[in-house]
Amino acid sequence: QVQLVESGGGLVQPGGSLRLSCAASGTIYRINTMGWYRQAPGKERELVAAVASNGRTNYADSVKGRFTISRDNGKNTMWLQMNSLTPEDTAVYYCNARLDPAYMDYWGKGTLVTVSS
């Protein structure tokens, strides 16, 4: 009964910027953490960035200084601002939310980001 919907993906040139959004809806008591994962062609899914309800964040080393994650607890919405994009950032980006009190993970269907000239 929980749905996560990503948006904002698309085609961007190297060095460009893109902002992803994730909106959570349904039967939600509380979201503990929200995060973005990505899966590039031929690679395993990996954590990009995560943010807890208290605002604490962590980032993959490959995106530190370029990406910024944020959330609005009241709106159950999360964003990922991506700057200085490179072709290595090309992937399907998935929204993840860990809910309380059930302590279960939910996933969006993904949004494709393609960085190419």
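Partly exposed means a relative accessible area between the buried limit, under 20%, and the exposed limit, over 50%. Arginine 98 has 27% relative accessibility, so arginine 98 counts as partly exposed. This is a predicted model. The structure holds 5 salt bridges. An open sheet of 4 strands is also present.

**Salt bridges**
- Arginine 98 forms a salt bridge with aspartate 105, with the closest N and O atoms 3.0 Å apart.
- Aspartate 105 has 34% relative accessibility and therefore counts as partly exposed.
- Arginine 38 and aspartate 89 meet through their side chains in a salt bridge of 3.0 Å, N to O.
- Arginine 38 lies in strand β4 and aspartate 89 in the loop between β8 and β9 (91-100), so this pair ties together parts 51 residues apart in sequence.
- Arginine 38 and aspartate 89 are both buried.
- A network of salt bridges links Arg38, Glu46, Arg66 and Asp89.
- Lysine 64 and aspartate 61 form a salt bridge at 3.3 Å, N to O, and both are exposed.

**Arginine 30**
- Arginine 30 sits in strand β4 (residues 30-39).
- Its relative accessible area is 54%, so arginine 30 is exposed.
- Leaving aside residues up to four places away in sequence, arginine 30 touches Arg98, Leu99 and Asp100.

**The open sheet**
- The strand order is β1-β3-β8-β7, with antiparallel pairing.
- β1 (2-7) and β7 (67-72) stand at the edges with a single partner strand each, so one side of each has no neighbour in the sheet.
- Neighbouring strands are turned by 15 degrees against each other on average, direction ignored.
- β3 (residues 18-26) and β8 (residues 77-82) pair over 6 bridges.
- Alanine 23 stands opposite threonine 77 in β8.

Key: Residues numbered from 1 in each chain as written. Predicted model: local features only at pLDDT ≥ 70, side-chain atom pairs only at ≥ 80, totals over all residues. Heavy atoms only, no water. Helix = DSSP H or I, 4+ residues; strand = E, 2+ residues; numbered from the N terminus. Buried < 20%, exposed > 50% of the residue type's maximum accessible area, 1.4 Å probe, protein only. Contact = heavy atoms within 4.5 Å. Pairing = 2+ DSSP bridges. Axes fitted to C-alpha atoms, helices over the stretch in contact; angles between N-to-C directions. Salt bridge = Lys/Arg side-chain N within 4 Å of Asp/Glu carboxyl O.
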